[in-house]
Amino acid sequence: MNKLKTFVLAVIGLLCSLSVSAHDFAVNGLYYNILSEEDKTVEITYWGSNYLASYNEYQGHVVIPETIEYQRKTYTVVAIGKQTFGGCEKMTGVTIPNTIKKIGDGAFGVNEYGGVEFSNVDIADLEAWCNIEFENYVATPLCLAENFYLNGQLLTDIVIPERVTEIKEYAFAGFSGESITIPKSVTSIEAGAFLQSSALIIFLNETPITYNSFLGSSSIVIVPENSLETYRNTDGWKNVSDRILTEKLYNLNIEVIASNSESAVSKYLEENNISNANIKYNEKNITVSYITSANISGTTYYYITDYE
């Protein structure tokens with residue numbers, strides 16, 4: 001009877017321990033789940049029964065290692081589990097190693113508990129970053145961070161390496177820099193890759209790739225000079241044709257976008273000898289044939305989509 005009682009208590013204790021722990025082990029203050037004992041792979045995760053139980057468990061700048069040692073075994077860190085950092089409002093940044101292949105749902109989720117001070121993301125390889133599978137928008141740390149670093153250097157103008165052939169879903173969603181240049185080697189960009197990013201997307205390829213709703217709502221696309229009409233008339237791209245410009249068109253727009261009065265826009269067009277210009281204003285296209293009689297006013301924005 002005593003043995004039975006001891007056994008029952010042991011089982012209850014085991015079940016209780018399982019219910020309050022989401023991780024298999026901890027090393028240097030970071031918590032991990034074993035994904036494959038055969039491949040010796042792990043994911044970083046939160047402490048406790050759910051991510052809210054580990055409220056502020058991770059603080060400051062968290063450096064995720066490529067490998068860890070546990071019980072005389074070496075494991076490779078290949079994933080960030082869902083909601084891992086969701087409740088960590090005192091976390092200021094993260095360093096993500098090249099070994100990471102997947103980041104789960106809400107790993108950097110914005111909620112009432114998390115992300116308040118988060119500002120920096122550090123990586124070592126853009127090619128590896130482009131190949132990460134982000135489960136959703138709040139799986140990427142760029143949804144929170146203002147600063148994106150590559151080997152310690154702040155990225156404002158990203159140039160994707162020519163070795164890259166595919167850019168995964170949400171890879172640069174939320175990126176707050178100036179531009180992202182896409183090389184000719186890229187043949188596939190998944191949906192949402194530039195969601196909530198206002199960076200210029202510069203394509204070097206004269207032939208449009210399949211458009212898969214990867215642009216953000218305010219993205220401007222720059223294409224080669226002799227490919228403007230090809231891009232604008234290709235299926236899928238037609239839906240965003242008024243946001244497709246050449247470098248020359250974009251440079252003309254720098255002052256126009258900043259203008260907020262009829263006189264300023266008219267003067268700019270006249271000084272640059274631009275007639276029959278198609279102006280984007282308040283989400284509507286206005287063709288300006290005679291600058292002196294143009295009816296352009298308001299405080300939103302303007303940009304030239306075409307001109308003679």
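**A predicted model in questions and answers**

Visitor: In which helix is Ala128 found?

Guide: This is a predicted model, in which local features need pLDDT of at least 70, side-chain atom pairs count only at pLDDT 80 or more, and totals for chains, interfaces and linings use all residues. Residues are numbered from 1 along each chain as its sequence is written, and side-chain values use heavy atoms, with hydrogens and water left out. Helices (H or I, at least four residues) and strands (E, at least two) are DSSP runs numbered from the N terminus. Ala128 is found in the run of residues 126–130, which is helix H2.

Visitor: Is Ala128 buried or exposed?

Guide: Buried means under 20% relative accessible area, exposed over 50%, and partly exposed in between, with a 1.4 Å probe and protein chains only. The relative accessibility of Ala128 is 18%, so Ala128 counts as buried.

Visitor: Which residues have the most contacts inside the largest nonpolar core?

Guide: A nonpolar core is a set of buried Ala, Val, Leu, Ile, Met, Phe, Trp, Tyr and Cys residues joined through side-chain atoms within 4.5 Å. In soluble globular proteins, nonpolar side chains tend to be buried together. Here the largest such core has 72 residues, and those with the most contacts inside it are Phe108, Ile167 and Phe172.

Visitor: Leaving aside neighbours within four places in sequence, which residues is Phe108 in contact with?

Guide: Contact means heavy atoms within 4.5 Å. With the neighbours within four places set aside, the partners of Phe108 are Ile80, Phe85, Met91, Val94, Ile103, Phe118, Val138, Ala139, Thr140, Pro141, Cys143 and Leu144.

Visitor: How many disulfides does the structure hold?

Guide: A disulfide is taken as a pair of cysteine sulfur atoms within 2.5 Å. Cys130 is buried at 0% relative accessibility. The number of disulfides in the structure is zero.

Visitor: In E6, which residue is the bridge partner of Tyr70?

Guide: Two strands pair if DSSP finds at least two bridges between them. Strand E5 (residues 67–70) is joined to E6 by four bridges, and the two run antiparallel. They form a hairpin with two residues between them, and Gln71 in the turn has a positive phi of about 50°. The partner of Tyr70 in E6 is Lys73.

Visitor: In E8, what is the bridge partner of Ile80?

Guide: Strand E6 (residues 73–80) pairs in the parallel sense with strand E3 (residues 41–45) over four bridges. E6 also pairs in the parallel sense with strand E8 (residues 102–103), over two bridges. In E8, Ile80 has as its bridge partner Ile103.

Visitor: Which strands stand at the edges of the open sheet of five strands?

Guide: The order of this sheet is E4-E7-E9-E11-E12, with mixed pairing. Each edge strand has a single partner strand, so one side of each is left without a neighbour in the sheet; these strands are E4 (60–63) and E12 (153–154).

Visitor: Which residues are linked with Glu37 in a network of salt bridges?

Guide: A salt bridge is a side-chain nitrogen of Lys or Arg within 4 Å of a carboxyl oxygen of Asp or Glu. Glu37 meets Lys40 at 3.8 Å, N to O, and the closest N and O atoms of Glu37 and Lys73 are 3.5 Å apart. Glu37 lies in the loop between strand E2 (30–36) and E3, and Lys73 in strand E6, so this pair ties together parts that are 36 residues apart in sequence. The residues linked with Glu37 in the network are Lys40 and Lys73.
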